[in-house]
Amino acid sequence: MAPEAVVATYSIVACDLQAGQWGVAVQAKFLAVGSVVPWAEPHVGAVATQAWANPRYGPDGLALLRSGKPAEEVVHTLTAADEGREHRQIGVVDAAGRAATFTGAECNEWAGGRTGECYAAQGNILVSGETVDALAVTFESNGHLTLAERLIECLAAAQAAGGDSRGQQSAALLVVEKDAGYANLSDTIVDLRVDDHELPIAELRRIYTLHNELFGVTPPEDWLDVDQPLSAELKERLGKLGYEGELEQAFNAWAGAANLEERTDGVTRIDPIVLEALRRQSA
């Protein structure tokens with residue numbers, strides 16, 4: 001008897017070794033796909049488990065990667081021990097950027113995957129193999145982007161190439177980097193999920209834009225010096241929003257309320273993204 005809870009999906013697991021980032025992007029005709037498919041750990045690797053998904057492939061795969069096993073061996077170890085392997089699909093990238101993908105013989109057509117340097121792309125119940133090809137080609141041709149941006153572009157290209165034959169429902173993006181998450185106390189720099197939406201990839205892109213505005217990093221050399229005219233502008237705009245008193249105290253209070261505290265560092269210099277947000281709010 002065929003399994004019923006099939007995660008009909010396409011995904012890409014990938015890494016940016018120079019940035020020290022690993023991540024997974026996925027879209028599926030499945031509710032809350034981000035709760036099942038993506039797993040990642042910095043300097044360890046990333047795993048996507050799908051089709052008739054075995055959720056244990058996530059933590060067990062990361063444990064094998066953590067022990068130093070290469071991606072190909074991790075896939076072999078997980079599937080060899082699993083009686084349901086012919087219904088499974090998995091993609092793995094390890095700490096060195098080596099990649100492996102597996103598609104069981106009983107996965108619903110079209111199903112398959114391909115690998116390249118620092119990525120594994122795979123999908124099942126797809127319109128055609130062009131969807132997986134689009135994941136791969138888009139990843140390979142967008143090395144100038146951040147890993148998160150690159151993965152979103154991969155999903156968009158895969159959908160344009162046909163995507164899941166049953167349609168769209170949910171999408172997710174997970175990217176990790178050691179100590180680069182919130183307040184430098186987390187390894188998760190992006191963990192965004194669209195659980196149920198007519199256009200989940202477009203919605204994922206929208207909320208990633210918001211995420212990047214709040215938590216992105218502007219190079220220090222691009223910050224603006226707060227001279228006397230800019231200081232006066234900040235006081236005026238903060239006052240319009242009800243933040244009175246000493247500039248630094250008022251500025252920090254506003255930034256905290258606006259969830260921009262991660263992009264501030266006193267008031268001698270200011271991130272231009274923060275300044276633009278203040279100008280919008282006080283216009």
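In which sense, left-handed or right-handed, does helix H4 cross helix H5? In this predicted model, H4 passes H5 in a left-handed crossing.

## Helix H4 against helix H5

Two packed helices are described by the angle between their axes and the distance between the axes. For H4, which covers residues 147-160, and H5, which covers residues 200-215, the angle is about 160 degrees and the axes are 10 Å apart. Because angles over 145 degrees count as roughly antiparallel, H4 is roughly antiparallel to H5.

On the H4 side, the contact is made by Ala148, Glu149, Ile152, Glu153, Leu155, Ala156 and Gln159. On the H5 side, Ile201, Leu204, Arg205 and Tyr208 take part. Sorted by class, this contact of H4 with H5 has 7 nonpolar, 1 polar and 3 charged residues.

## Helix H1 against helix H2

Helix H1 (residues 57-66) and helix H2 (residues 71-80) also form a packed pair, with an angle of about 135 degrees and axes 10 Å apart. H1 and H2 are therefore oblique to each other. The crossing of H1 past H2 is right-handed.

The residues of H1 in this contact are Tyr57, Asp60, Gly61, Leu64 and Leu65, and they meet Ala71, Val74, Thr77, Leu78 and Thr79 of H2. By class, the contact of H1 with H2 has 6 nonpolar, 3 polar and 1 charged residues.

Strands of a sheet pair through backbone hydrogen bonds, either parallel or antiparallel.

E3 pairs with strand E4 (residues 45-51) in the antiparallel sense over 4 bridges, and Trp39 has Val47 in E4 as its bridge partner.

Val92 has Ala100 in E6 as its bridge partner. The hairpin of E5 and E6 has 4 residues between the strands, and Gly97 in this hairpin takes a positive phi near 85 degrees.

## The sheet of six strands

A further open sheet is formed by 6 strands in the order E7-E8-E1-E2-E9-E10, and the pairing is antiparallel. Its edge strands are E7 and E10, each of which pairs on one side only. Here the twist averages 5 degrees from one strand to the next. E7 and E8 pair in the antiparallel sense over 5 bridges, with Gly112 bridged to Gly123 in E8.

Which strands do helices H3 and H4 lie across? H3 lies across strand E1 (9-16), E7 and E8, and runs at about 160 degrees to E8. H4 lies across E1, strand E2 (21-28), E9 and E10, and runs at about 25 degrees to E2. H4 is also the helix that packs with H5.

Most residues other than glycine have a negative phi, and most peptide bonds are trans. The peptide bond from Glu109 to Trp110, however, is cis, with omega near -10 degrees. Trp110 is placed in the loop between E6 and strand E7 (112-116).

Positive phi values in residues other than glycine are found at Ile125, near 55 degrees, and at Ala183, about 55 degrees. Ile125 is in the loop between strand E8 (119-123) and helix H3 (130-140). Ala183 is in the loop between strand E9 (170-177) and strand E10 (188-194).

Are Ile125 and Ala183 buried or partly exposed? Ile125 has a relative accessible area of 9% and is therefore buried, the cut-off for buried being under 20%. Ala183 has a relative accessible area of 31% and is partly exposed.

Conventions. Residues are numbered from 1 along each chain as its sequence is written. This is a predicted model: local features need pLDDT of at least 70, side-chain atom pairs count only at pLDDT 80 or more; totals for chains, interfaces and linings use all residues. Side-chain values use heavy atoms; hydrogens and water are left out. Axes are lines fitted to C-alpha atoms, for helices over the stretch in contact, and angles run from 0 to 180 degrees between N-to-C directions. Helices (H or I, at least four residues) and strands (E, at least two) are DSSP runs, numbered from the N terminus. Angles under 35 degrees count as roughly parallel, over 145 as roughly antiparallel, 65 to 115 as roughly perpendicular and the rest as oblique. A crossing is left-handed if the near helix is turned anticlockwise from the far one by less than a right angle, and right-handed if clockwise. Contact means heavy atoms within 4.5 Å. Ala, Val, Leu, Ile, Met, Phe, Trp, Tyr, Cys and Pro count as nonpolar, Asp, Glu, Lys and Arg as charged, and the others, Gly among them, as polar. Two strands pair if DSSP finds at least two bridges between them. Buried means under 20% relative accessible area, exposed over 50%, partly exposed in between (1.4 Å probe, protein chains only).
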